[in-house]
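I opened this entry to record what I looked up, starting with aromatic residues and ending with helices. The notes follow the order in which I checked things.

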Amino acid sequence: MTKQSSEPVVTGGLKLAVFGPELSKKGIYDLVDSFQRDASIGARVFVATSEGKAEDMLNGEYGTRGNSTYIYNLIQHNIEHRDIPKTNLHILANDYYQEGKDPFLPRLKKLDDDKVEIAGISLFSKDREVEVLPVKDMFFFKLLVDKYSEGNFDVKLKKDELAAVKSLRSKHKIKITDHHASITINIEGIIREYTGDKLASEVVGAVQKNLEKKVEKECLRLLKQFQELGIDPIGLGQMKKSKHRNFDFKKWEDDYKTLSFDVKCNVTIEETGVIE
């Protein structure tokens, strides 16, 4: 590149790094390590994986300010207002080096020459991608690993009625013993839309109850899926280590395989919004 450029080529302007599927499965450590050692590259650089070749992804024409800026803003928006947990180069490196927690990255998919979308979450064991969470699981995954500012979820009710709930904030609390992990998730939200005739108090109560059951079921399924894959993106091992001075990670790896889980969700609907 330097032989073809009339100006110095530097990495300081890097905003986004995208890894294709071949490299993601092989291991991304060497490149991530070189990024974080380069003082000209900021820690807030976004790192993502792509469903197809990264080269094809970056050869599109997205927006008017350049592909890197478009995809950077797409990820930023989905972190702040949708279902991607907080992530950047610093968090990725920290998760990689930290025992008891495995990294994850947003996954991108090119739809057309001018369209790209969030296609899920890539889950890693060390620096190798081992699974991809589909879009439908991202809401529940973020509840387990991050705090929500905004998130939307459709709740099904009887008579084919639907209520769109917007999460204003959420928090989770995790208690771990040698053989059990108990997770409590509290969600505060509002009903943005309702397809029924009247949004009565009993309907609000049904929305709360149905959403609680759905969150408990799906989060429990995800925890068991991570356990079967032998990965810990939630960071249960790191949480347990922080409370035990002489923590034995080799013993924890065996304990994690047989760990049991329970998830309790409490939903509070603060107000109602638009009624269809």
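## Rings, strands, helices

I began with Y96, which has 23% relative accessibility and so counts as partly exposed. The model is a predicted one, and I read everything below with that in mind.

I then checked Y97, which at 44% relative accessibility also counts as partly exposed. I counted the aromatic pairs next, and the structure holds 14. Y96 and Y97 form an edge-to-face pair, because their ring centres are 5.1 Å apart and their planes stand at 80 degrees, where over 60 degrees is the cut-off for that class.

Which residues do ring pairs link into a cluster? I noted F139, F140, Y148 and F153. Y148 came up again when I looked for charges over rings: the charged end of K142 sits over the Y148 ring, 4.8 Å from its centre. I logged K15 as well, which lies over the face of Y72 at 4.9 Å from the ring centre.

I moved on to the sheet. It is open, has five strands in the order β1-β2-β3-β4-β5, and its pairing is mixed. At the edges I found β1 (16-19) and β5 (128-133); each has a single partner strand, so one side of each lacks a neighbour in the sheet. From one strand to the next, the twist averages 40 degrees.

In what sense do β2 and β3 pair? I found the parallel sense, over two bridges, between β2 (residues 46-50) and β3 (residues 104-112). I looked up positions across this pairing: T49 has R107 of β3 as its bridge partner, and S50 stands opposite L108 in β3.

On the next pairing I recorded the antiparallel sense, with eight bridges between β3 and β4 (residues 115-125). F104 has L123 in β4 as its bridge partner. I also noted that β3 and β4 form a hairpin, with two residues between them.

Helix α2 (residues 29-37) packs with helix α5 (residues 89-97) at an angle of about 125 degrees, and the axes are 11 Å apart. That angle makes α2 oblique to α5. I checked the handedness too: α2 passes α5 in a left-handed crossing.

Key: Residues are numbered from 1 along each chain as its sequence is written. This is a predicted model: local features need pLDDT of at least 70, side-chain atom pairs count only at pLDDT 80 or more; totals for chains, interfaces and linings use all residues. Side-chain values use heavy atoms; hydrogens and water are left out. Rings of Phe, Tyr and Trp (its six-membered ring) pair if their centres lie within 6.5 Å; planes under 30 degrees apart count as stacked, over 60 as edge-to-face and the rest as tilted. Buried means under 20% relative accessible area, exposed over 50%, partly exposed in between (1.4 Å probe, protein chains only). A charge sits over a ring if NZ of Lys or CZ of Arg is within 6 Å of the ring centre and within 35 degrees of the ring normal. Two strands pair if DSSP finds at least two bridges between them. Helices (H or I, at least four residues) and strands (E, at least two) are DSSP runs, numbered from the N terminus. Axes are lines fitted to C-alpha atoms, for helices over the stretch in contact, and angles run from 0 to 180 degrees between N-to-C directions. Angles under 35 degrees count as roughly parallel, over 145 as roughly antiparallel, 65 to 115 as roughly perpendicular and the rest as oblique. A crossing is left-handed if the near helix is turned anticlockwise from the far one by less than a right angle, and right-handed if clockwise.
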